[in-house]
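Thanks for coming, everyone. Let's take a quick look at one structure, starting with its disulfides.

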Amino acid sequence: MAFLYLAVRCLYTFLISTTFGYTSSSDTEIKVNPPQDFEIVDPGYLGYLYLQWQPPLSLDNFKECTVEYELKYRNIGSETWTTIITKNLHHKDGFDLNKGIEAKIHTLLPWQCTNGSEVQSSWAEATYWISPQGIPETKVQDMDCVYYNWQYLLCSWKPGIGVLLDTNYNLFYWYEGLDHALQCVDYIKVDGQNIGCRFPYLESSDYKDFYICVNGSSDTKPIRSSYFTFQLQNIVKPLPPVCLTCTQESLHEITLKWSIPLGPIPARCFVYEIEIREDDTTLVTTTVENETYTLKITNETRQLCFVVRSKVNIYCSDDGIWSDYLLAKLIFFQFIFVTGLLLCKRDSYPKMVRCVTL
């Protein structure tokens with residue numbers, strides 16, 4: 001039986017050697033070349049780059065093999081590499097163009113083609129930089145972008161440090177689905193300078209990287225460009241909840257109820273934060289997923305103050321921005337309990353609902 005196994009193994013080795021043109025002797029080393037013409041290409045998408053290459057030379061002996069490539073890349077200065085294994089001759093991904101990019105790739109021959117062990121080529125390497133103009137202090141400061149109510153994107157910034165009044169900034173943006181980068185057409189201006197952009201309706205822009213470049217020009221000095229990348233669903237600031245009511249369900253319970261904010265955001269995407277102050281001494285902050293909250297009170301409770309705000313939850317985004325609190329004209333009421341009935345009247349104190357028991 002052992003003899004039969006050895007004979008089969010020898011036959012397998014002979015067939016592999018005959019097919020791919022190498023011998024299995026210990027002094028014969030199987031080698032493969034790295035990919036050719038490896039490069040990083042910038043198509044003008046403000047950070048979305050192409051990494052592309054050609055097959056290695058001298059693959060004639062491995063025509064029956066499925067050749068793979070191991071690609072590693074990162075922004076220069078990053079501690080970790082992104083690594084992929086692919087059979088393709090290209091790969092696309094987003095990068096931070098405020099920094100340089102480095103990448104390397106080598107060829108992999110699977111063990112089926114190399115008598116039982118994977119063979120790797122040497123690395124081919126490539127780098128890419130945007131040639132910086134101007135000193136870093138001239139680029140825009142305090143860039144802030146908010147996607148209001150999942151409908152309207154607005155970005156704002158401050159001019160760079162030490163720039164003169166003749167300096168002006170221009171914003172360009174791109175996301176997958178656009179043919180090319182677009183420039184802002186509705187700038188927010190102060191004293192003739194662009195300090196923000198109101199974006200038009202952005203069709204099919206959610207759950208994908210959104211790239212922005214803000215560059216500048218001046219007659220006195222070069223201005224450094226800035227690059228930003230985010231996803232719109234992660235910077236949503238919804239409207240506040242509406243129709244807040246307060247009812248006393250029992251002697252020791254008060255129930256707060258409200259309706260979801262107006263707009264296109266589904267009810268399943270909200271989380272709410274309630275802040276409660278009891279007798280101006282105790283502050284409790286709690287979050288709930290439904291549009292109701294029941295609060296326990298005691299006979300000693302003389303005064304309750306509370307506010308409610310909304311945010312997109314973790315099921316619909318990775319992050320988000322809390323809404324404003326309920327508007328004063330909608331939510332500040334004074335409640336007086338008389339013979340078991342709840343009477344209410346509107347007051348003018350901002351951003352607070354005050355329940356008073358007498």
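Start with Cys-145 and Cys-155: the torsion about their S-S bond is about 115°, so this disulfide is right-handed. The S to S distance is 2.0 Å. By disulfide I mean a pair of cysteine sulfur atoms within 2.5 Å. The two ends lie 10 residues apart, Cys-145 in strand β9 (residues 141-148) and Cys-155 in strand β10 (residues 152-158). Strands here are DSSP runs of E, at least two residues, numbered from the N terminus. Both cysteines are buried, meaning under 20% relative accessible area, where exposed is over 50% and partly exposed is in between (1.4 Å probe, protein chains only).

A word on the source. This is a predicted model: local features need pLDDT of at least 70, side-chain atom pairs count only at pLDDT 80 or more, and totals for chains, interfaces and linings use all residues. Residues are numbered from 1 along each chain as its sequence is written, and side-chain values use heavy atoms, leaving out hydrogens and water.

How many disulfides are there by this rule? The count is three.

Next, Cys-184 joins Cys-197, S to S 2.2 Å. The torsion is about 105°, so that disulfide is right-handed. Cys-184 and Cys-197 are buried.

Then Cys-269 joins Cys-316, S to S 2.0 Å. Right-handed or left-handed? The torsion about the S-S bond is about -75°, so it is left-handed. These two cysteines sit 47 residues apart, each in a loop. Cys-269 is buried at 2% relative accessibility, and Cys-316 at 3%.

Cys-243 is exposed at 56%, whereas Cys-246 is buried at 3%.

Technical notes. Helix = DSSP H or I, 4+ residues; strand = E, 2+ residues; numbered from the N terminus.
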